[in-house]
Amino acid sequence: MPSQPPPPTPAGDPDEVPGLEAHQAWRAFAYLLSGPLVYGGLGWLLDGWFGTEFLLPVGIVGGMGLSLYLIWFRYGTH
């Protein structure tokens with residue numbers, strides 16, 4: 001059974017891959033959503049556990065800050 005040739009790769013600059021910018025934009029959007037959700041959820045759980053009311057907003061703001069830092073580190077330092 002003959003093996004199939006590998007799919008053709010686009011020639012030229014790797015940044016010119018079709019759909020790459022859209023993929024990066026969706027990834028950045030996912031980072032912006034997931035950071036506050038994860039750390040806000042963690043703050044909400046800790047608020048319930050410790051009986052406090054300030055960890056949810058701290059988690060949301062901290063998660064947003066970490067998300068922005070991650071986006072800057074991944075895409076802004078090239």
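Reply: Happy to! Helices α1 (20-50) and α2 (55-75) each supply at least two residues of the nonpolar patch; helices here are DSSP runs of H or I with at least four residues, numbered from the N terminus. This is a predicted model, so to speak of local features pLDDT of at least 70 is needed, side-chain atom pairs count only at pLDDT 80 or more, and totals for chains, interfaces and linings use all residues. Residues are numbered from 1 along each chain as its sequence is written, and side-chain values use heavy atoms, with hydrogens and water left out.

The patch consists of Trp44, Leu45, Leu56, Ile60 and Val61, which together have about 500 Å² of accessible area (Shrake-Rupley method, 1.4 Å probe, with only the protein chains shown counting as cover for residues). Patch members have over 30% relative accessible area and no salt bridge, and nonpolar side chains (Val, Leu, Ile, Met, Phe, Trp, Tyr) are joined within 5 Å, like charges within 9 Å. A salt bridge is a side-chain nitrogen of Lys or Arg within 4 Å of a carboxyl oxygen of Asp or Glu.

Helix α2 gives the most, with 3 residues. Leu56 belongs to α2 and, at 31% relative accessibility, counts as partly exposed (between buried, under 20%, and exposed, over 50%).

As for the packing, α1 and α2 meet at an angle of about 155°, with their axes 7 Å apart; axes are lines fitted to C-alpha atoms over the stretch in contact, and angles run from 0 to 180 degrees between N-to-C directions. The two helices are therefore roughly antiparallel, the term for angles over 145 degrees.

Terms used
Buried < 20%, exposed > 50% of the residue type's maximum accessible area, 1.4 Å probe, protein only. Parallel < 35°, antiparallel > 145°, perpendicular 65-115°, else oblique.
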